[in-house]
Amino acid sequence: MDNPKILNPKSQIPNPRIIFMGTPDFAVASLDILVQHGCNIVAVITAPDKPAGRGLEMQQSAIKKYAVEKGLNVLQPEKLKSEDFLNQLKSLNADLQIVVAFRMLPEVVWNMPRLGTFNLHASLLPQYRGAAPINWAVINGEKESGVTTFFLQHEIDTGKIIYREKVPIAENETAGELHGALMNIGAKLVLKTVQSIETGNYSETDQNQFVAVGEVLKHAPKLFKDDCKIDWTKSLNEIHNRIRGLSPYPTAFTEFISPEGKAYSIKLFRTSKEYSTPATAITSVVTDSKSNLKIAVKDGYLCIHELQLAGKKRMTTSELLRGFPMNDQWKVA
């Protein structure tokens with residue numbers, strides 16, 4: 001842990017009334033650990049049900065499914081500033097609010113509980129503020145990431161830090177694998193933060209205290225389709241990091257071009273690096289047409305291990321080549 005705990009006299013409320021806000025799977029682990037430890041969850045706030053899939057059937061968020069299963073009170077406001085919702089919120093008389101992977105809150109909401117509202121963010125703040133911290137940390141080739149709990153204030157992801165915990169990132173680790181690690185470590189940090197607030201035994205540290213002299217802050221903006229298109233003029237390391245940083249979602253993609261000039265859209269999920277001086281032109285495909293497939297780049301070869309042809313399921317390279325024959329006359333674009 002980065003910051004020492006000190007007694008905070010404004011807290012010390014036993015078994016505080018808690019409102020939990022979250023939507024995706026990442027938030028479920030945090031809510032579950034609070035429930036398992038008997039925390040007083042007076043309400044769970046999540047996104048409204050929405051149509052999804054080919055049949056456009058109404059789908060519940062992962063948090064709603066969990067909360068309903070546990071018999072928790074669930075609120076699904078369309079607008080966080082609506083009078084009805086704010087009245088509901090006030091009537092719950094919460095001492096503390098917790099936000100994990102939810103939308104941006106207006107001040108009238110986050111400033112309501114007497115103990116404040118804290119957020120779990122999947123980075124070592126102040127690094128990687130924004131919507132996609134896990135993806136960008138991997139894309140940028142970071143060697144470590146982590147989780148942070150901090151109190152909300154006006155500017156997004158800038159509030160005073162309560163706790164941070166570091167996690168190493170392996171060379172070939174994907175964003176999905178890091179997501180799983182941070183989800184579980186983050187849940188434990190949420191519980192620790194609640195217990196510390198309950199006893200008043202915690203500190204609040206300005207984020208600038210965690211910035212070293214000369215350190216440049218990196219951001220984590222929302223990812224768009226253009227961010228997922230592979231640029232084969234980049235270095236082997238940059239291409240590899242982008243693919244694993246987008247795996248399994250939203251997924252890096254490229255086009256494989258047949259000798260006849262037909263383009264096939266393919267998503268890439270898992271790769272490795274082979275440093276050497278390429279014996280073929282950049283963007284050339286090198287394959288034994290059985291189990292090995294690699295792409296020539298300026299400083300080596302990108303070896304492809306898992307991929308997905310448009311309209312097909314995700315598969316290994318050998319599975320693809322059995323039903324989709326390729327040879328060294330192919331290239332990527």
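Trainee: Which residue of S2 stands opposite Met21?

Mentor: Ile45 stands opposite Met21. Before we go on, note the source: this is a predicted model, local features need pLDDT of at least 70, side-chain atom pairs count only at pLDDT 80 or more, and totals for chains, interfaces and linings use all residues. Residues are numbered from 1 along each chain as its sequence is written, and side-chain values use heavy atoms, with hydrogens and water left out.

Trainee: How many bridges link S1 and S2, and in which sense do they pair?

Mentor: Start with the terms. Helices (H or I, at least four residues) and strands (E, at least two) are DSSP runs, numbered from the N terminus. Two strands pair if DSSP finds at least two bridges between them. Here S1 (residues 17-22) and S2 (residues 40-45) pair in the parallel sense over 5 bridges.

Trainee: What does the chain pass through from S1 to S2?

Mentor: The path runs through helix H1 (residues 25-36), giving a right-handed β-α-β crossover. Read the hand like this: with the strands pointing away from the viewer, a right-handed path from the first strand over the helix to the second runs clockwise.

Trainee: Which residue of S6 stands opposite Ile18?

Mentor: Leu96 does. S1 and S6 (residues 96-100) also pair in the parallel sense, over 5 bridges.

Trainee: Now a helix. Which residues of H3 are buried?

Mentor: In H3 (residues 83-92), Phe85, Leu86, Leu89 and Leu92 are buried. They cover an arc of only 120° around the axis, so they are on the same side of H3. That arc is taken from the directions from the helix axis to the C-beta atoms. Glu83, Asp84, Lys90 and Ser91 are exposed on the other side.

Trainee: What do the buried residues of H3 pack against?

Mentor: Think in contacts: heavy atoms within 4.5 Å. The buried residues of H3 pack against S1, S2, S5 (74-75), S6 and helix H4 (107-110).

Trainee: What should I check in the backbone angles?

Mentor: Most residues other than glycine have a negative phi, and most peptide bonds are trans. Now look at the exceptions. Tyr128 has a positive phi near 60°. Tyr128 sits in the loop between S7 (117-121) and H5 (133-139). At 4% relative accessibility, Tyr128 counts as buried.

Trainee: Which peptide bonds are cis?

Mentor: One joins Ser247 and Pro248, with omega about 5°. Another runs from Tyr249 to Pro250, with omega near 5°. Pro248 is in the loop between H8 (236-245) and S10 (252-257). Pro250 is in the loop between H8 and S10 too. Thr251 has a positive phi of about 85°, although it is not a glycine. Thr251 counts as buried, at 4% relative accessibility.

Trainee: Where is Phe151, and what does it touch?

Mentor: Phe151 lies in S8 (residues 144-151). At 8% relative accessibility, Phe151 counts as buried. Leave out residues up to four places away in sequence, and its contacts include Leu115, Phe118, Ile162, Ile197 and Tyr202. Phe151 and Ile41 are 110 residues apart in sequence and 19 Å apart in space, C-alpha to C-alpha.

Trainee: And the whole chain?

Mentor: The chain has 9 helices and 16 strands. Of its 333 residues, 49% count as buried. The C-alpha trace spans about 70 × 55 × 30 Å along its principal axes. Among contacts with a separation of 6 or more, 68% come from residues 24 or more positions apart.

Technical notes:
Buried < 20%, exposed > 50% of the residue type's maximum accessible area, 1.4 Å probe, protein only.
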